[in-house]
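Visitor: I would like a close look at one part of this protein before I turn to the rest. Could you take me through it slowly?

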Amino acid sequence: MTDSLLPNILQFLGSVDPFDKIPKVALREIAAHVQISYLGKGQSIDLCNPSKEKSLYVIRTGSIEQRKSDGVLRAKLGPEDLFGFTMLGATVDSNQGYHAIAIENSLLYVIPQRVLTSLFTTYPECAEHFASQAQLRLKSGLDVVWSNKEKGLFIRRVDEVASGHVAVVTTEQSIQVVANEMLSKCSPCAVIYQQNQIVGLITDRDMTKRVIAQGISTERPISDVMTPNPITVKPDDLVLHAASLMMQHNIRNLPLVKDNKVVGVLTTSHLVQNHRMQAIFLIEKIKYAGSVKSLSSFTPERQAIFEALVEGRVSPEIIGKVMTMIMDSYTRRLIQIAVDKLGPPPCDFSWIVAGSHARSEVHMLSDQDSAIVLSDQATENDRIYFKHLAMIVTNGLASCDYPLCSGKYMAATPKWCQPLKVWKQYYKKWVANPEYERLLNISVFLEIRTIYGNRAFENELRDELHSNIRSNREFLASLVNDAVNTNPPLGIFNSLVLEKSGENKKTLDVKKYAINLIIDLARIYGLAVECDLSATDERFKAANEQGVLSEDAYKNILNAYQFILSFRFAHQLEALKQGEEPNNHIDPNTFGSFERQHLKDAFRIIADLQEAAKVRFGSR
């Protein structure tokens, strides 16, 4: 390469992700070693050839099509796109390699592996940007901007702030012994076991009120004064979740329990140090709101919390959980307002949510998906009561800017307010004969979560679902067949999958062509291993732990999902800042090099998992 070309190459590389993130002196060194290659239309590079020098390729002009060794399309690439990441490892497995074919005359910048190896030696922090594994490249695009202090306590994990000092005792021990154990452990409470099961809790305040004030003998067993069936949290729960439970149940101590073992305790004193608990304060306001009008006034505050989380680059799963807890609070308060107006419920019931609400993946566009499961003893008059209750709640949520479901999958629709036995019949019919409408119905109610009422109904329905799927494994094949009808846009530049008409013309629907595809795949893998959890990441984790999803595929799809959600949240944030209605339709002309590179990695990962699902579950 002549020195006269160097400024042009340097300027071009400096505008392309990830070269724009490396030190300028290192970029100049790379540019000086660039080799220029020209491919005429139809010519190819065999990246499976072990004798060929490994290199990273940057497309300057033209377009390239990647084909796997079996001829399957891997991706279509255009100017500023890179390929050859997978060839940068120590060895090359030809079965996993691919050919790069020019679909028009193309000019490539070729960077030998030895040049990049030298860069990584001098600047090891640059390695992730050029990692051969897409999961690492995607992860490097999700670096958190806020520090833990700036994020605020409410989005940290409980085990990050809780105390590890907790007294553990048994029911037959005396009050005196338990008090001494609490003192020796410097613990404000004691968790009480009976036959290896947690059965109670006693706090220092309880000791004062129930023992000293009442003149109870300290020789009596602790079981006489304990609080039975205490509420607990998991170590990886959000502090926001724990604080919400404390307010909801008016308690000051929450044991952290993992695998039935107490590993710590969270107290209200752990929370008072924090000054940025906006979401907790909003939940508290919702809890005591006296009317729908009062609740609807909190919408700007809810939006402000969403904006703060997105701007702080908080992980998408935490954003979803925080927004879900807020929607949970709205729903519970509206149910209580309805009960106060209509009188006590005439029979046992469960208010169940579905869709993104059930998955704890709520965002600013989430609508309502809900149902009511009634006791099998419910009468026709009882159903009239619940019809009125459902109307108050669904219309109230709509007033609070949670849109009504366009498909009417809401508790206010009579079909979705039924006794438990009818719901069981629904699941049996849907699984046995998953035609289009029934598949649509069950796809909504494959994720369910109890918000209010008898949680046992939810558990019975989930058991019924798993039992029916066990008897009809063709059902999973039907789900796969439906899930792979839509493909991610592997060619994201010229042949990007765009809306062809309407107000969103020439935009990419990132929900349709990416997010929904990942959710569908998580649903399939989760059902295959009878996972009782609904969240997308939890379903993939369960499939991985049971050996149905490989470790590499698990990490790949999780990072792809998180990146795409972050991409969507950033788009929605920009709309909110402009005073516009947020949506899922993104103009590809706004994509920078960074977004294009990472989106292509994500789309390729989705396509690969779709193929794997077809092979494993037998798509028809």
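Visitor: In which sense do E11 and strand E12 pair, and over how many bridges?

Guide: This is a predicted model, in which local features need pLDDT of at least 70 and side-chain atom pairs count only at pLDDT 80 or more, while totals for chains, interfaces and linings use all residues. Residues are numbered from 1 along each chain as its sequence is written, and side-chain values use heavy atoms, leaving out hydrogens and water.

E11 and E12, which spans residues 261–267, pair in the antiparallel sense over six bridges, where pairing requires DSSP to find at least two bridges between two strands and a strand is a DSSP run (E) of at least two residues, numbered from the N terminus. The two strands form a hairpin with two residues between them, and in that turn Asp 259 has a positive phi of about 55°. Lys 258 stands opposite Lys 261 in E12. E11, residues 253–258, is mostly covered, with five of its six residues buried (under 20% relative accessible area with a 1.4 Å probe, protein chains only).

Glu 458 counts as buried because its relative accessibility is 6%. Leaving aside residues up to four places away in sequence, Glu 458 touches Ile 352, Ile 448, Arg 449 and Thr 450, contact meaning heavy atoms within 4.5 Å.

Notes
Buried < 20%, exposed > 50% of the residue type's maximum accessible area, 1.4 Å probe, protein only. Helix = DSSP H or I, 4+ residues; strand = E, 2+ residues; numbered from the N terminus.
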